[in-house]
Amino acid sequence: MTDGAVPRFWREIPQRYNLIGNQCGSCNKVYFPPRESCPYCRRKSMGKMKNLKLKGQGEVLTYTIIYNAPEHFEGQTPYAMAIIKLDEGPKVTAQIVDCDLDKIKIGMRVQSTFRKIQEDGYIGAIYYGYKFKSVEVK
Amino acid sequence: MKDVGIVSYGAHIPRLRIKSLDIAHAWGKDPETITGGLGVFEKSVPSPDQDVATISVEAARAALLRTNIDPQDIGAVYVGSESHPYAVKPTGTIVGEAIGATPLLKVADYEFACKAGTAAIQTCMALVKAEMVRYGIAIGADTSQAAPGDALEYAASAGGAAFIIGRENVIANINETCSFTTDTPDFWRREGRKYPAHGGRFTGTPAYFRHIMSNAQNLMEMANTKPEDYNFAVFHQPNGKFPVRVAKMLGFTPEQVKQGLLCPIIGNTYSGSSMLGLASVLDIAKPGNRIFVASYGSGAGSDAFDITVTDVMNKLPRGKAPLVSELIENKQYIDYSTYTKYRDLLYED
């Protein structure tokens, strides 16, 4: 992230820290990140989208191990990135932590944990958010 | 003071560990001299994505998991640490947001070497007693720094604990607390510097032992208690030896100290040290048990607490959040070169 990213990050704090999504009051579909309106119910959902705090539990749909990381993540290689299907329905992309890489499996139950995601070098802001760990790890 | 106490508690210890043996090998030292002298066998290490904010959030969330408290009823968050991620920008704001306690919230970060967390407990006690807040969360957490090759490197570790202080559904009454503070420069870190400096053996007699001894004796006088009245005794643990020695000097037995003594297997978690020790005791404590706690912060000062576990403890679902013993058992070892990368030791101070 570069300078100017702070306001954008700040706006997304509810989602990044606490997985606040929302739910369509018409069809009950859950969205994360939250949407202004439901793409299925469209006009019927207007004014009926309600915030919903997701429990942060779900399962690994698929994953990959990163050996060549983007800038700022080089120090963490190798690490796992996964697509996780949350129990409420939405899918999120996130890092899997606190788990031996050979123990990660498709279908593995995971729960969210609070971690540092990125920082703007030594003088910039620090960005926190969700990563996931196996539910077997308390 | 019987109407104020601990309502819930939570702990967090990073999963990574390094053995004292590996550090000793890297610096050409005899491992047995090190482990024998310090009484530290391995220590916790934060991963690159863990810092005092993430440890504090995990500990505070663990404390909340054991209760039905609405986070909006929490009126204060005080985080004690000497490794806050920002020099200016409070860790407590990040914790408050992450546990859903903002915006009607009193927040400040504390620093008093290894006793900033217990100072936060005292502040929360006073706020609750004055009815300025319904609940306050006091956190002590650190990802403590040690210069490469310094003796501190064998012990400086990471971890933290959070205590919800209130007057409703109290699991452990805090009967008395007192502090003993002087200007004693035994250990410090200058503004803007990466690593602390210390006075070597000067950290012992005039610092750790004088402050804890004096404060412990004052507390037992206030509470009209003797060492044998306590089931458990927890002391600040900069290494594995000091807490055992100070306990013996005060008249406590090794059995009273055992449950709260974590330094030999996780290192010195600085502001988390005595608080994690207390959390470990609360993991097994029964109603009626009496707990003695004395923290120590270089600079220097000590906070002491006389605590009695109440019947409400039986209703606390301790298993809803990780016990300290579970956090200790869940570990992954790293070698010294990985440690230098993760702890950012490859860059100049």
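Chain B of this predicted model has a mean pLDDT of 96, with 99% of its residues at 70 or more; pLDDT is the predictor's confidence in each residue, from 0 to 100. For the complex, the predictor gives an ipTM of 0.95 and a pTM of 0.97. Because the model is predicted, local features need pLDDT of at least 70 and side-chain atom pairs count only at pLDDT 80 or more, while totals for chains, interfaces and linings use all residues. Residues are numbered from 1 along each chain as its sequence is written, and chains are lettered from A and ligands numbered from 1 in the order in which they are written.

Turning to the meeting of the two chains, 19 residues of chain B are in contact with 16 residues of chain A (contact: C-beta atoms, placed from the backbone, within 7 Å). On the chain B side, α3 (52-65) and α4 (91-98) are the elements that give two or more residues (helices are DSSP runs of H or I, at least four residues, numbered from the N terminus). The most comes from α3(B), with 4 residues. By class, this side of chain B has 7 nonpolar, 5 polar and 7 charged residues (nonpolar: Ala, Val, Leu, Ile, Met, Phe, Trp, Tyr, Cys and Pro; charged: Asp, Glu, Lys and Arg; polar: the others, Gly among them).

Within chain B, helix α6 (residues 204-223) packs with helix α7 (residues 242-250) at an angle of about 40 degrees, their axes 10 Å apart (axes are lines fitted to C-alpha atoms over the stretch in contact, and angles run from 0 to 180 degrees between N-to-C directions). The contact joins Tyr208(B), Phe209(B), Ile212(B), Met213(B) and Ala216(B) of α6(B) to Phe242(B), Val246(B), Met249(B) and Leu250(B) of α7(B). These residues divide into 9 nonpolar, no polar and no charged.
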